[in-house]
Amino acid sequence: MGSGSSSGRQEVELYWDYRSPPARCVHMTLAALGEKFTPKPVDLFKGEHKKPEYLAINPAGKVPAIKVGNFCLNESKAIACYLCNRSNTVAAKKLYPKGAQQRAEVDRLLLLSGDVMDLIQKQIAMFTVIFGGGQPKPENMDEAAKSLKMVADYLENNNWVTGSTMTIADIFCSNPFFLYDSLTTDEQQKEFYSHEGGSTVKAWMKRIRGLPYFDDVNEKGLEAIASVYKTKLN
Amino acid sequence: MGSGASSGPKESGGLEFYWDFRSPPSRCVHMTLKALGAKYDPKPVDIFKGEHKKPDYLKINPAGKVPAIKIGNFNLNESRAIATFLCNKYNTAAAKKLYPRGAQQRAEVDRLLLLSDEVDGAIQKQINLGAVMFAGGRPSPDQMPEAAKSLKLVAGYLQNNNWVAGNNMTIADFFLATPFWLYEICTSEDDQDEFFSYEGGSTVKAWLKRIRDLPYFEEVNAKGLETFKQIYSSKV
């Protein structure tokens, strides 16, 4: 999983399910850092996240979590920041800048990514469809599409949401849109991205999808969620 | 506005603080400024008069919410991002305790800052603050057990320590305590007795008292909480 870890530093154990969106954000961060880690898959569909051995790692019973020596950490955004903070590499300093102002720009966008996901979920309703017998709400597309302008306003004419360098903010803010694409039809996507900000966001997503580790981290997981989601709709 | 607010840009190091004294996230940032002993130029924004939606303010924060800060050309919104920025910017001993620099200690605070959403979510299940105050909603007293899950959650982090991240007060304490202040102004004393009798209640109560005892607590929070209390009780 990459060759960046320095000698003498404890290796990260990643507890995750390849389908879980926040888990894939942490996996993307590890890949972007070129950080080696020990994979500890936790199968959500088999309830492994609620078993005592896992609750000892993360009492909140969710994925992802990491363990470094005796230190356990949950909350995907906190994990991503921690992984960058503990690393002294050039990659880490670009992914999560050290300067107060630049860092604040990333921090603000990490918080915004939650709002982006909330808007997207207003239409796709992933949790209620997969776990609660609910239905998606295509009538909420205009509401969901507010997320496009929200992100496009930060992108402006830049390649990445904070400007000319990719940061963990790009990983977290793009995650909901990749989820959207996997759970909707081509026709719905055409309409969605025709909203204000859509073409800017699309170009940015293409940039992220082109990263060498993108497919490795996301392809199977997005396909698996899509497969479960679609069977629930029928 | 107390020690720390300066009369102008020069004294304040050019830090402008835009906030409404009633807004909970504004008060979290205000507490952080006080804890840092930071100087700032106070720029009150009256949300009840709609000042947060006026063009002048939207230039500062296009999201049209409070709080926000401005230093030179740099504008920042999102209360947690502002609090961490202020601590990152100041190289003082206070700042390094409020938001530790070591990766592991910092991660503990970051995780707790994110947890404040869950704590607020639980509390709101009973008090339903926004809906009651602005949208004709009602509180849900039968949801007290759900709301009380917040106590066990926070007590789990406090354990036998004085503060949620351990021996030092951090910005996480401000953000995690906020939903409990709101709970107190939206419920009767009898309700509060019952609420704090749930698991974790006495640990959380002792911690809340520790925060309420901070010298700047009243100045930052009293008027805002009292105003919300009056509006909320008039609606129910």
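**The interface, then chain A**

Modeller: Chain B and chain A bury about 1,900 Å² between them, and carbon and sulfur atoms give 62% of that area. Keep in mind that this is a predicted model.

Biologist: Which residues in chain B lose the most area to chain A?

Modeller: Those are B:Phe74, B:Arg111 and B:Leu114, together 28% of what that side buries.

Biologist: And how many residues are in contact?

Modeller: 21 residues of chain B touch 22 residues of chain A.

Biologist: How many salt bridges across the interface of chain B and chain A?

Modeller: The rule finds 0 there.

Biologist: OK, switching topic. How do strands S3 and S4 of chain A pair, parallel or antiparallel?

Modeller: Antiparallel, over 4 bridges, with S3 covering residues 65–68 and S4 covering residues 71–74. A:Val68 has A:Phe71 in S4(A) as its bridge partner.

Biologist: What about the turn in that hairpin, how many residues sit between S3(A) and S4(A)?

Modeller: There are 2, and A:Gly69 in the turn has a positive phi of about 65°.

Biologist: Now the surface. Which residues form the nonpolar patch?

Modeller: A:Phe45, A:Phe127 and A:Phe131, with about 380 Å² of accessible area together.

Biologist: Where is A:Phe131 placed?

Modeller: In helix H6 of chain A, residues 126–132.

Biologist: Why does A:Phe131 count as exposed?

Modeller: Because its relative accessibility is 60%, and exposed means over 50%.

How values were computed:
Residues are numbered from 1 along each chain as its sequence is written. Chains are lettered from A and ligands numbered from 1 in the order in which they are written. This is a predicted model: local features need pLDDT of at least 70, side-chain atom pairs count only at pLDDT 80 or more; totals for chains, interfaces and linings use all residues. Side-chain values use heavy atoms; hydrogens and water are left out. Two strands pair if DSSP finds at least two bridges between them. Patches are made of residues with over 30% relative accessible area and no salt bridge: like charges are joined within 9 Å, nonpolar side chains (Val, Leu, Ile, Met, Phe, Trp, Tyr) within 5 Å. Accessible areas come from the Shrake-Rupley method with a 1.4 Å probe; for residues, only the protein chains shown count as cover. A salt bridge is a side-chain nitrogen of Lys or Arg within 4 Å of a carboxyl oxygen of Asp or Glu. Buried means under 20% relative accessible area, exposed over 50%, partly exposed in between (1.4 Å probe, protein chains only). Contact means heavy atoms within 4.5 Å. Buried area is the accessible area (1.4 Å probe) that two parts lose on being put together, summed over both.
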